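Here are some notes to read alongside a structure that is new to you. Take them in order, with the viewer open.

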Amino acid sequence: MMKKKEETANRPDNTAFTQQRLPAWQPMLSAGIVIPGFVLIGMAFIGIGVALFITSRNIQVLERDYTGDESNSPCNTCTHSSPDCNCVLNFTLSKLFEGPVFFYYGLSNYYQNYRRYGVSRDDSQLSGDVAYFKNPDSNCAPYRVDSKSVPIVPCGSIANSMFNDTFRLYHIVNGKEMEVPFDGKGIAWWTDYNVKFRNPSLVNGTLKAAFDGTVKPINWPKPAYELDPTDSSNNGFLNQDFLVWMRAAALPDFRKLYRRITQGDYAAGLPAGNYSLKITYNYPVLSFGGRKKIVLSNVSWMGGKNQFLGIAYLVIGSLCIVMSMVMLIVYAKFKFPDDGS
């Protein structure tokens, strides 16, 4: 009797939901539904693929390698020189490079996705918590403290290896160099600038005082609070170039946004003609077999140049059409006689 009462107590309520009596719809798939469905899906994918492929083909991209390992490279002498070596990369545009133009730097054979490298940072420190300025996270080792045990801010391998080549682009008109204005504002992700990274509170009205008792990363030429001497709001952990670098790339060959060309006479793009790119060559890559390049590109409604996406849509759409034809042949061969009987 007791056992019967326990079973009754554990029994679900007698409702349509608990007893699985809710109305349900189950499609009854047939050749008349599946075959036209595959055809429609295939045509839609092919249409989208054609649009994506044509759009991607119309996006302009210019890449120039400046690693300098070749003897005829304009930056060859800088591979054996001290930092702040200058080299010039000349190129010619045969037609208008439509704007807005995005200027990237690219690195190859550089594994930012390596686990020990990726975790070598202190997110509490980067959020402006000064308590972690004096005691950085252990994940930052060996770039946690310097040789005198003074804490490094920002600590870690990612910050220490920040890309520090600089570029200035000139348009050569009638033998004279006209500098192309770069726009470096807003190149980082909105969430990084407004949410994830924060500067510490000012001390005595200055950001420098907030970093007292710390040292800059070993490979940095200047501390975080002096990254941009021309714009005080672009210093510390909110420096745009620093934010771009700290978002680690997923693949070993990547490019990161350096500047946009959207101002002055070049708002509509870069006119056809000769250009000179003056590079301050600081960042070493030959020691690990890496390469450096600059990339000029514009974008469309689908983003940057990406032919793979259009090809993928075309392949899937074509497979759907082929499968519909196969199913139609099979259905006609094996089902029509049965329908007649």
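1. First, the ground rules. This is a predicted model, in which local features need pLDDT of at least 70 and side-chain atom pairs count only at pLDDT 80 or more, while totals for chains, interfaces and linings use all residues. Residues are numbered from 1 along each chain as its sequence is written, and side-chain values use heavy atoms, with hydrogens and water left out.

2. Start with the overall form. The chain has a radius of gyration of 30 Å, whereas a compact globule of 341 residues would have one near 20 Å; the radius is taken over C-alpha atoms, and the globule rule is 2.2 Å times the number of residues to the power 0.38. Along its principal axes, the C-alpha trace spans about 90 × 75 × 40 Å.

3. Next, surface and interior. Of the 341 residues, 36% count as buried; buried means under 20% relative accessible area, exposed over 50%, and partly exposed in between (1.4 Å probe, protein chains only). Among contacts between residues at least 6 apart in sequence, 78% join residues at least 24 apart, a contact being heavy atoms within 4.5 Å.

4. Now the secondary structure. The chain holds ten helices and ten strands; these are DSSP runs numbered from the N terminus, with at least four residues for helices (H or I) and at least two for strands (E). Four of the strands make an open, antiparallel sheet in the order E2-E9-E5-E6, where two strands pair if DSSP finds at least two bridges between them. At its edges are E2 (85–93) and E6 (176–179), each pairing on one side only.

5. Strand E5 (residues 166–173) and strand E9 (residues 273–281) pair in the antiparallel sense over seven bridges. Histidine 171 stands opposite tyrosine 275 in E9.

6. On to charged pairs. The count comes to ten salt bridges, each a side-chain nitrogen of Lys or Arg within 4 Å of a carboxyl oxygen of Asp or Glu. One of them joins glutamate 63 to lysine 293, with the closest N and O atoms 3.4 Å apart. Glutamate 63 lies in strand E1 (residues 61–65) and lysine 293 in strand E10 (residues 291–297), so this pair ties together parts 230 residues apart in sequence. Glutamate 63 is partly exposed at 41% relative accessibility, and lysine 293 is partly exposed at 24%.

7. Another salt bridge belongs to the sheet of point 4. Glutamate 177 and lysine 278 meet at 3.2 Å, N to O. Since glutamate 177 is in strand E6 and lysine 278 in strand E9, the pair ties together parts 101 residues apart in sequence. Glutamate 177 is partly exposed, with a relative accessible area of 43%, as is lysine 278, with 32%.

8. Is aspartate 192 buried or exposed? At 3% relative accessibility, aspartate 192 counts as buried, while its salt-bridge partner, arginine 247, is partly exposed at 29%. Their closest N and O atoms are 2.9 Å apart.

9. Finally, a linked group to find in the viewer: Asp65, Asp69, Glu70 and Arg291 form a network of salt bridges.
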